Amino acid sequence: MGRIHPILLLFPFLWQTGDGTRSFLHAAAFSPAPSLLPFPQALHGHPRSIIRHVASHSCRVPPPPLAVQMGLKLQSEQKEALKHSRWWDPIWRWEQIEQLKDPEKQFDKEALEMAAMLGIEVEEYVRSMSGTAKVSLSSSAYDAMLVMCVRAAQSGDLLGMVHAKEVLSKMEQVGISPDVDLYNQVLSACSAAAGGVMRPCPVRNDTEERRDFIDMAVKVVSYSGGKVDSTEFASRWRTMFPNASIHNYTYTDGKKQSTWKALAQSARFEVEDGEEGKKVIVLRRKDGKDRKKSTTTISSSSSSSSSSSSSRNPWIQVGLDFLGSMRRNKVEPNEQTYNILISMCARAAKEGDDEMIDQSFRLFDEMKKRGLPVNQQTLNALINVCAKSNNLDRMREVEKEYETGSFTPDVFVFSARMKAARSCQGVMEVLEEMKKFGVSPNLASLNTALVAIHSLQGGGEGLKCARVVMEQMSSLNLQPDASTYTTFLSIMAGAAKKEEDGEKFAKEAIEMFGSIKKSKAVKLDVRMYTTVFHALIGIGLQKHVFNEEMRGANMSKFALKHLMSMKQDQVSPDRRAFHACLSAMALAAKLGGKETIGHVNEVWKMMEKSRTPFDLACYKTLMEAYSNAICARNGSVYVLEAEKVLDRMRTGGRMPDFQSYMTVLKAYENSAVRGGKVVDYHRRALGLVVRMQREMVKPTTQVFNAIIAISGSAREPSGWRHRKRNRRLERGFQVYDMMCEKQIQPDEETFANLLQCALTTAEVKIIEKLMEKAGVEKTGVICTSCIDTLSRNPIQEDIEHVSQTIEEARKKNIVTSNMMMAVFDFYKAARMSEEALKFLQQAKEDKIPLNKFVLSAALKAAVRARDKEASETIITDLETNHQPLGDLVRAQIDHVRKVFST
């Protein structure tokens, strides 16, 4: 039989083949010493006698499966371990990958000891098990680890793909040969994530329910310098978040958990042992590289395709690194590999990104050099890169490849060109070109056209093009689906928000939704319902709403009814639907007041009942509703309600951000305009600044500008010209001094708001001197505020200063439409309508663009001056150059003609 390799002594059962040769039984038991064979005899007997003795016993006892005796430890422990797998944590993944290579973690300890006694090294033992013994090692542990790495990559963690490459390398080292299909599967995951945003992986504590806890904890640890022990952490938490108990976040499955244990489950923190048995919580960088073991980086690829473009998008670098890994492991890439890599470039490409185009064409050239066939999928991926980058020249090169390869441009090619279109008219030109090539558009391509039109946000022009697409769909007898109607309704809602006469578009969208619902043509989904809320938002953005059914409380009532009808149609509203509904009601609250707030509270209760997670946007929209309701009659009671939302946010686990505080300041300003207690609001606003600093929200110039605006919004006291003190301006200067102390640079809005606090020309001149000292130039905004300030019962001194301001603005060419409106209002207050008409003539000589609102104000001045000729000139200009005029301007023109005719 010849000399027997010592590794054979580890296998007690052999199988006699028909040709007299001996080979391993794949189902044989694996054991260092069988129970039926005495241990000393197994060691001291001759190998041949041992084999004959063991073979004689093989028929007595049926051998158990090889996997049971050989038993990779991970197979028995993996089920329990995967329940608590921390796939989101790059440190944990790296530790598990290290254990995958360690034979002691895979094979029985007794088997390794027996191999050592026989003088067999561990590496030789592993190779023998996979090669000499012709036993395929189980790849379940590797496959499970690979799945977790891919899952992390799909969540946006770049290290997930780096770790996946490492797993493939380990598989090669232990004798499990990954094939090209396995590489392609991992590359597909990398391609799917290439167009996403780099972000930390979602964790149990970082999911929707626990995200606020992690964000708040990050602020606490950051405030402590990035490291804090558990006791000090709890103390700082109570100081920074007095209304949010930490115990609300440390319960898992009904059981209380230590704070440091709850934070240890997050990828943002690590926990170390400190002095006196305390745990130290350390804030980790988002990439997790500050821990010692996480030293894995993207290696420089040996691929010839790597270039500077990979540094811009790391996913591309990882993909190219995989390509180099395949070559090192002698795995030949196929055409699918290159198709995936080119598709990855398409996902990562952005508008004007020529580097991604160059990278994809390099891969394409390399593919042809290797003699791999170019198919339709390859060219489609290339043209998709050009479409995402909006590079029409390179797209034409790909079209030539279609002709060279005898490929006919299909619907996919034209759809990609629609995505690359830079205007709504460009989308329509692609549809016309499809007819020339004899390619009939299908439902998917027409839906792509609608999506492209919607993304361009063309307003009324986009809606016209969308109507043409819908007509073409009807002529081809294509039945629109839910996506078609949703996109078309979204385009109509966008036109309602953008156009001046958007009310009619919104009304049309609502009527169309009603007809779709009545006909039951398609199944209604939550996105289609949400488009109606956006149409209502378009109505709320209009300056004047003529339909009484869509004004104020009536609009909020309609929105509430629409939301409640979703339940009847078995459609569950999501967070976006609730937020759009609240946004429409917030706009309606300006007129709806108390009744609209009642509707808002009903929607809020529905959100709580449906257990929809409240995000910051929902809370801010609620504050906007309270702030806008102040503008309605008897709305001053909602000032404190807007401020209380900040406490509700903290109780609900949401930390107020910068915009939240700005909304509360806007509520103070709205109330001050309507005669509220300015002194009280000024004091509360300064208190908000202190609270912002305590909660690590940095006050900016915008915050102090809002506080100055609160003082400037107060009504003028009676007999203000005879008063020696202007308390409004004193409060404004107090805030300005605070800005200087905190070294916050004032801007033009700061001085514009200070001018609103002034009452006399002397005070205006003081502010202008401060402005020169701060190095802020006089702009159109400041000139407008100056003229507005002096429009209150102007005297000769005010008239002279306004005249100087107008001349200075003309010389600097900073006259704006708002400034012209302010000038007309000033001359109206000064009863100088003739001067207003002279100013209009000067503006025409200076070639300042005039809109219909400026001409409308000039027309009023002409009527006050009883100048019929000037009135006719302005009316002719309006009717000739400013169509459509709108109902209000049209009514004004009719009234003026009637006045002069009588």
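The secondary structure of the chain consists of 44 helices and seven strands. Helices (H or I, at least four residues) and strands (E, at least two) are DSSP runs, numbered from the N terminus. The model is predicted: local features need pLDDT of at least 70, side-chain atom pairs count only at pLDDT 80 or more, and totals for chains, interfaces and linings use all residues. Residues are numbered from 1 along each chain as its sequence is written, and side-chain values use heavy atoms, with hydrogens and water left out.

The chain has 902 residues, of which 51% count as buried, that is, under 20% relative accessible area with a 1.4 Å probe, protein chains only. Among the contacts in the chain with a separation of 6 or more, 68% are between residues 24 or more positions apart. Contact means heavy atoms within 4.5 Å.

Three strands form an open sheet in the order 3-7-6, with antiparallel pairing. Two strands pair if DSSP finds at least two bridges between them. Strand 3 and strand 6 are the edge strands, each pairing on one side only. Neighbouring strands of this sheet are turned by 25° against each other on average, direction ignored. Axes are lines fitted to C-alpha atoms, for helices over the stretch in contact, and angles run from 0 to 180 degrees between N-to-C directions.

Strand 6 and strand 7 pair over five bridges in the antiparallel sense. Val271 has Ile281 in strand 7 as its bridge partner, and Glu272 stands opposite Val280 in strand 7. Five residues lie between the strands in this hairpin, where Glu276 takes a positive phi near 55°. Helix 12 lies across strand 3 and strand 7, at about 100° to strand 3.

**The helix pair**

The axes of helix 41 and helix 42 come within 8 Å and cross at roughly 140°.

| Helix | Residue range | Residues in the contact |
|---|---|---|
| Helix 41 | residues 833–845 | Ser833, Ala836, Leu837, Leu840 |
| Helix 42 | residues 852–864 | Leu855, Ala858, Ala861, Ala862, Arg864 |

By class, this contact of helix 41 with helix 42 has seven nonpolar, one polar and one charged residues. Ala, Val, Leu, Ile, Met, Phe, Trp, Tyr, Cys and Pro count as nonpolar, Asp, Glu, Lys and Arg as charged, and the others, Gly among them, as polar.

Terms used:
Buried means under 20% relative accessible area, exposed over 50%, partly exposed in between (1.4 Å probe, protein chains only).
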